[in-house]
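I opened my notebook and looked up one structure, piece by piece. Here are my entries in the order I made them.

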Amino acid sequence: MTTPRVTMDLDKIEHNARTIVNLCRTRGIEVTGVTKVTCGQPDVARAMLRGGVSSIADSRLENIQRMQAAGVDTAFVMVRIPPLSAAGAVVETVDVSLNSEFGVLEALSDAAQLRDRSHDVIIMVDLGDLREGVWPDDLVSLVRAALALPGIRIMGLGTNLACFGGVVPSAENMQRLVALAVEIEQTFGLTLEWISGINSSGLELIAAGKMPARINHARIGEAILLGRETTQRKPWPDTFQDAFVIYAEILEINNKPSLPVGDRGEDAFGGLPQFEDRGVALRGLLNLGREDVDVDGLTPREPGIHIVGASSGYLIVDMTAAAEIFRIGDELSFVPNYGALLAAMTSEYVKKYPLSKDLRVDRQ
Ligand SMILES: *Cc1c(COP(=O)(O)O)cnc(C)c1O
């Protein structure tokens with residue numbers, strides 16, 4: 001098979017989705033599966049849907065359009081705040097979008113009216129993570145203004161945590177979200193269908209039974225795809241952490257000193273790398289580089305392999321302690337973290353292989 005490649009075990013993804021959906025269901029929480037780290041890979045979306053998620057979300061219209069073109073049949077949610085310039089495409093492509101700016105809501109309203117449609121929006125409020133969302137003080141006035149716009153329906157209130165500021169979902173900030181939702185419902189006499197509290201960082205709170213009852217929607221990517229909650233990246237019970245595996249091929253094997261020889265300046269990326277003298281090491285050179293992955297996010301699967309570093313096109317590993325003898329042309333494999341997976345799925349040089357025991361596979 002070609003290298004480098006990333007394999008996606010669709011059965012493991014489906015299993016992980018089922019585990020997370022079942023947990024959330026016991027607390028009355030509906031799950032939307034988030035595909036953005038896979039660039040909207042249609043087979044991944046289908047595996048999530050088989051596992052029970054009720055809709056699919058992505059951060060990019062191109063990804064959602066790719067899934068639709070491949071026949072993924074579900075409701076789609078746009079989780080990145082839409083650009084003003086794409087209001088028309090958003091209304092045409094997705095069922096629900098997350099919003100925080102009046103100007104964008106106005107453009108969505110115009111676009112919806114023009115197309116004789118109604119577009120659902122979730123208003124995002126910032127509860128301290130300092131990424132997207134209106135500040136709580138400004139929420140009521142934004143909702144008041146948005147309610148006057150024809151063609152859009154405010155179907156929910158949401159917040160996003162643990163993405164920029166690393167703020168962890170807590171009973172307190174989730175209760176705050178519920179209180180804001182109740183204030184809006186009472187002030188304007190409406191019912192919010194979704195109170196969308198969490199992403200993969202909120203699973204502990206749910207499992208501990210501390211999620212306020214009115215939180216009824218979650219947007220989950222990493223926990224389904226990589227089997228981890230995201231406040232400490234702990235493996236989540238009854239999920240697989242290795243649904244995605246990256247393979248690279250050994251191009252060279254040499255015994256070399258572990259310290260560079262000669263006067264030293266900057267490396268290829270302008271850094272001044274530090275080396276530890278570990279004597280002569282058996283080094284492997286692989287066809288995977290910074291153009292393909294985030295090298296720091298790779299964990300070697302073969303015992304005794306250590307990553308030394310990488311340039312744009314090469315990964316250098318120390319194989320001195322390897323349990324097996326490797327030859328040129330052999331493959332080494334790595335489990336990616338979120339950042340490494342995002343880069344691999346985005347790199348056109350890394351071939352994508354969905355795998356399933358039922359052979360529901362097509363190559364991308
Ligand atoms: C990416 C994203 C998610 C999913 O986050 P995970 O940590 O992968 O579960 C949820 N909500 C929003 C707004 C996002 O941008």
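**Entry 1: The ligand**

I started with K36, where a polar side-chain atom lies 2.6 Å from an oxygen atom of the ligand. I call that a polar contact, meaning a pair of N or O atoms within 3.5 Å; within protein, one must be able to donate a hydrogen and the other to accept it, and residues adjacent in sequence count only if both atoms are side-chain atoms.

Before going on, I noted that this is a predicted model: local features need pLDDT of at least 70, side-chain atom pairs count only at pLDDT 80 or more, and totals for chains, interfaces and linings use all residues. I also noted that residues are numbered from 1 along each chain as its sequence is written, and that side-chain values use heavy atoms, with hydrogens and water left out.

Next I checked S200. A polar side-chain atom of S200 lies 2.5 Å from an oxygen atom of the ligand. Then I turned to E222. Here a backbone N or O atom lies 2.8 Å from an oxygen atom of the ligand. How much of the ligand's accessible area does the protein cover? On its own the ligand has 390 Å² of accessible area, and the protein covers 94% of that. Such areas come from the Shrake-Rupley method with a 1.4 Å probe; for residues, only the protein chains shown count as cover.

**Entry 2: The shell and the pocket**

I listed the neighbours. There are 13 residues around the ligand, and K36, S200, R219, G221 and E222 come nearest.

I sorted the shell by type. It holds 4 nonpolar, 4 polar and 5 charged residues. The sorting counts Ala, Val, Leu, Ile, Met, Phe, Trp, Tyr, Cys and Pro as nonpolar, Asp, Glu, Lys and Arg as charged, and the others, Gly among them, as polar.

Which pocket does the ligand take up? I found that its space is the second largest pocket. A pocket is found on a 1 Å grid over the protein atoms alone, as an open set of points with protein on both sides within 12 Å along at least five of seven lines. A molecule sits in a pocket if more than half of its atoms lie within 2 Å of its grid points.

**Entry 3: Helix α1**

I moved to T19, which is in helix α1 (residues 10-26). Helices (H or I, at least four residues) and strands (E, at least two) are DSSP runs, numbered from the N terminus. Is T19 buried or exposed? Its relative accessibility is 13%, so T19 counts as buried. The side chain of T19 reaches the backbone oxygen of D238 at 2.8 Å.

I20 is also in helix α1. Its relative accessible area is 0%, so I20 is buried. I looked up I20 and T35, which are 15 residues apart along the chain, and their C-alpha atoms are separated by 15 Å.

**Entry 4: The loop between α9 and β10**

W236 lies in the loop between α9 (222-225) and β10 (244-257). W236 is buried because its relative accessible area is 9%.

R233 has 39% relative accessibility, so it counts as partly exposed.

**Entry 5: The loop between β6 and α6**

I found L130 in this loop. Phi of L130 is near 65 degrees, again positive in a residue other than glycine. L130 counts as exposed because its relative accessibility is 53%.

D138 is in the loop between β6 (119-124) and α6 (139-147). At 41% relative accessibility, D138 counts as partly exposed. I compared D138 with P235: they are 97 residues apart in sequence and 38 Å apart in space, C-alpha to C-alpha.

**Entry 6: A cis bond**

Last, I checked P4, in the segment before β1 (5-9). The peptide bond from T3 to P4 is cis, with omega near -10 degrees.

Note on methods: Near = heavy atom within 4 Å. 1 Å grid on protein atoms, 1.4 Å probe; cavity = no way out; pocket = protein on both sides within 12 Å on 5 of 7 lines; lining within 4 Å. Buried < 20%, exposed > 50% of the residue type's maximum accessible area, 1.4 Å probe, protein only.
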